Amino acid sequence: MITSREPLRIRGERRFPVEPLALPGRVDDLNTDALAGFAAVQLFVERAKAVQPDFELTPENAGAVAAVCARLDGLPLAIEIAAAQMTILQPDELLKYLTGRSLLESRGMADSDPRHQSLDVAIRWSVQSLDEDERLFFQRMGVFTGGCTLDAAQAVCQPRHDVPLLLSKLAGMNLIKREVVSASTSRYRLLEIMRQFTRGEMQAAGEWPAIQARHADYFCAYALGHEALVRSDGQVEGLALVEREHDNLQAALDYFIAVRGWEKGLEMAGALSEFWVYRNHIQTGLHYCTALLELTDAIPALEASRARVLNGAAMLSYFAGDYRAIGGYAQTALSAARGAHSDRDIAHA
């Protein structure tokens, strides 16, 4: 038996992937003893005790410890490096600390192999054998939140080589994870640590704004393209497809709000309002609808798009139990819809 960072691709080779350590699912449903049974939590506690002998997993800190392990995707090296910070931090503080570059630059034990003393160095060592096109594709995959499909990777990352070949190379090196979601669909995602690394690389190279814009445009079109399916006899399938991309869709909405791309943001929010209702993302929907409506108040050119979002806000307010808000949203929607001569939105209001 041999170990290798990637498959050797020789006859007779049989692959045995080594997966990350087991993580708990819904922490709220588990008590301290149950959480202590997961390998990722066990490793964290073991390494935390090595630097803080009186550390114990308790009902008060178990949720934060599990959340730290989940943020680190159950990767043993990442958990060991994070647990070394327990000399100065409590689990809740560590969870807040482990974001962005802090996650990557935390230092491990001094006697570790040099490439294992920080996650940043470990990932750089892991990607050094990639050629320029493979490295660029890997970095661009970091723009996705919650993974993506083959089509999305092709459209947003725009590689010069065949996407399946690039994904095969990166998956073989465990830089990308493949998840089978149906008999006909796979999704590909980067572990959170990899996403933080790739985003830093794109920002340093000045490529981040362009890849963000392509990502947002793709998912704006995705939301608009699936709206009719959500309202048809294919509703069950449509809702499932939109749910899979909900994280990416929220990232696109955040982008349009940040760059003042309000027309596209309104179009997306209008297209997603019924999805938010049917899938019980009520507060999420209200957050985006109200933010966009406040930002676009009194812009006549956007009346048609605002009418749809106002109707969506009225519907979401109903399911949120905010009955006083419904009439205001619906009345304003009716005025905007009449100004835009939109019979559908007039009827809806």
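Predicted model: local features only at pLDDT ≥ 70, side-chain atom pairs only at ≥ 80, totals over all residues.

We're looking at 349 residues, of which 46% count as buried. The protein has 19 helices and two strands, and its C-alpha trace spans about 70 × 50 × 40 Å along the principal axes. If you take contacts between residues at least 6 apart in sequence, 64% of them join residues at least 24 apart. On charge, there are 35 positive and 45 negative side chains, with the centres of the two sets 4 Å apart.

Now, helix H8, residues 132-140. Buried residues here include Asp133, Glu134, Phe137 and Phe138. And what covers them? Among the covering elements are helices H7, H9, H10, H11 and H12. Have a look at the start of H8 too: a side-chain oxygen of Asp131 comes to within 3.1 Å of the backbone nitrogen of Asp133.

H12 brings me to the rings. The count is eight aromatic pairs. Take Phe219 and Tyr222: their ring centres are 6.0 Å apart and the planes sit at 55 degrees, so this pair is tilted. Why about one helical turn between them? Because Phe219 and Tyr222 are three residues apart in helix H12. In an α-helix there are 3.6 residues a turn, so residues three or four places apart point the same way.

Technical notes. Residues numbered from 1 in each chain as written. Heavy atoms only, no water. Buried < 20%, exposed > 50% of the residue type's maximum accessible area, 1.4 Å probe, protein only. Helix = DSSP H or I, 4+ residues; strand = E, 2+ residues; numbered from the N terminus. Contact = heavy atoms within 4.5 Å. Polar contact = N/O pair within 3.5 Å; in protein donor to acceptor, adjacent residues only side chain to side chain. Lys, Arg positive; Asp, Glu negative; His and termini not counted. Charge placed at Lys NZ, Arg CZ, Asp CG, Glu CD. Phe/Tyr/Trp six-rings, centres within 6.5 Å; stacked < 30°, edge-to-face > 60°.
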